[in-house]
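Biologist: Could you take me through this model? I'd like to go residue by residue where we can.

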Amino acid sequence: MLPGNPRAQPISLRYGSAVLLRLSTLFLRTLRDDPADAEVPSHKLLVRAGYVRRVGPGVYTWLPLGLVVLRNVERVVREEMAAIGGQEVHFPALIPREVFEASGRWTDYGDALFRLADRKGADYLLGPTHEELFTLLVKGEYSSYKDFPLILFQVQTKYRDEQRPRAGILRGREFVMKDSYSFDVSDEGLVAAYRAHRDAYERIFTRLGFDYRIVFAVSGAMGGSASEEFLAPAPSGEDTFVQCSACDYAANTEAVEIAVPTPDEVTHPAAKVLDTPNTPTIETLVERLNALGLGETFTGADTLKNVVLKTRQPGSDAWELLVVGVPGDREVDLARLAGQLEPVEVAQADATDLAGEPRLVRGYIGPQVLRELGVRYLVDPLVTEGSAWVTGANELDRHAAFVVRGRDFEADGEIGAVEIRDGDRCARCGGSLTIARGIELGHVFQLGRKYAEVFGLQALGPDGKPATITMGSYGVGITRAVAALAEQTHDDKGLCWPRVVAPADVHVVATGRDEAPFEAAEDIVASLVADGVRVLFDDRRGVSPGVKFADAELLGVPTTLIVGRGLATGVVELRDRRSGERRDIPVDDAASVITALVR
């Protein structure tokens, strides 16, 4: 201890790589009650434990302990990026409009961009991603095939104008990401860089202590071909994914492929129009069909539901009708559709949208006339070629039976549209699929030449001819990783950090009314720090043991050492935060036992 005013004691002392944080002077106030706006455990606990504080919707301040955890996540990410040859750069968050206009994303991003103008009226944005700037940087520096392959990355604050920021730092408007980009002359080089990043991400999330899944994904507005997400299963996750019980297949619901029926090779009767008054729903239609005596029993799965949507291209004010066909016993998953159609906007059509097409009779719409009307028609893959359906006859109170795809109507394409169910069959092996929720930790894309072509990123090959560079894009949500770890590892007492990201290796708690426990704790702490152990030291006087123990559990450091009543018999108590295991150890051995445990 330094002499003089106890408030003048240093908040932290650094010995090599070890840090001592004293709770008596640490800028920290824990809370006993959950914040009123908190919905998920990570939000509640990170605020209660004094790791973050809300500034505004989706905007948070990181307090000292929270910042230590954030930096520890960054350190692991940086180490693994360096291990695959990544070189770190740093771009500005403020980007001129013309850069995003050149790629089309000034429009494509829509309302998600934070846009602003300088005093001269020039338009800027706060960067949500930096593909354009990475591409332009490499174009300005490199021009020969000998300069490649190349991997650049940055750890940077990103900005997205989320419509409904929620769940604390899980979905904010300002957040820290690691984004890296690979640059290769050949497609084979891109595949190798993609694999290197994928392997690095597995090491990152394993080191950080995550339970995670790698799932197939769609590229969306990013563009490109191959795309995979790393998801942390958690009830609070916003991503829905499926996993097969019989093989290793996993995919988010936007990219999932489910087994489809074997194409129907039988010859179906000619299409037949039926009088079906007052049957605008699948349920009423099935009831009517089974009362008509058509020689078979019908269910909702025998009907073809045609859902009218509308789409709008980025930057356009005009909506176009889109009809999607799915089996009548399935619902359309609008979010799944939107993910595959992005950046095109998609919404449910209403009566106003249908007013211009009188032949589209709500409740009785069939695909037979859609091509004639010039309305785009997509079907879910469950609507196989040659399959027969009962569907609308495009007349009020009338349906048509035995309407066959490929004979009576054609689709303009297929799109995964149905809402996935538990028990759907895996397209790979036929096993049963189960649905789970997860938090997106990272995403890897093979971008290809999209941005290189836009900005003219080329290199002269060995034959002296220019070749367009192919790129990969790879992101890790740093702030989201902190929240996701809290979601996966917390218990009913508080946070429970993996040691690699915890704000300290050990939380030393001194309790008692006299000085002996505090003096003994000081000696143990000095030895620990000298051995390179990171210590959070509760040296507060006048605070009850119950409050100190509750704070230790809330803050979530993986190991706690209690220096108190046991001193009378020469022992201190060692607690494991995750398992709850407690044991007494000799006070003289405390530092060496903890050092061995940490290492």
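Biologist: Is Glu 228 buried or exposed?

Modeller: Glu 228 counts as buried, at 9% relative accessibility, where buried means under 20% relative accessible area, exposed over 50% and partly exposed in between, with a 1.4 Å probe and protein chains only. This is a predicted model, in which local features need pLDDT of at least 70 and side-chain atom pairs count only at pLDDT 80 or more, while totals for chains, interfaces and linings use all residues. Residues are numbered from 1 along each chain as its sequence is written, and side-chain values use heavy atoms, with hydrogens and water left out.

Biologist: Which side chain does Glu 228 meet in a salt bridge?

Modeller: Its partner is Arg 198, at 2.9 Å from N to O; a salt bridge here is a side-chain nitrogen of Lys or Arg within 4 Å of a carboxyl oxygen of Asp or Glu. Because Glu 228 lies in strand β12 (residues 227-233) and Arg 198 in helix α6 (residues 187-207), the pair ties together parts that are 30 residues apart in sequence. Helices (H or I, at least four residues) and strands (E, at least two) are DSSP runs, numbered from the N terminus. Arg 198 also counts as buried, at 16% relative accessibility.

Biologist: How many salt bridges does a search of the whole structure find?

Modeller: The search finds 48. One of the pairs is Arg 32 with Asp 551, whose side chains meet at 2.8 Å, N to O. Arg 32 lies in the loop between β2 (18-22) and α1 (41-48) and Asp 551 in helix α14 (residues 545-555), so this pair ties together parts that are 519 residues apart in sequence.

Biologist: Switching topic: which residues of helix α8 are buried?

Modeller: In helix α8 (residues 334-341), the buried residues are Arg 336, Leu 337, Gly 339 and Leu 341. They pack against β16 (304-312), β17 (320-327) and β18 (345-348), with contact meaning heavy atoms within 4.5 Å.

Biologist: What happens at the start of α8?

Modeller: There, a side-chain oxygen of Asp 333 reaches to within 3.2 Å of the backbone nitrogen of Ala 335.

Key. Polar contact = N/O pair within 3.5 Å; in protein donor to acceptor, adjacent residues only side chain to side chain.
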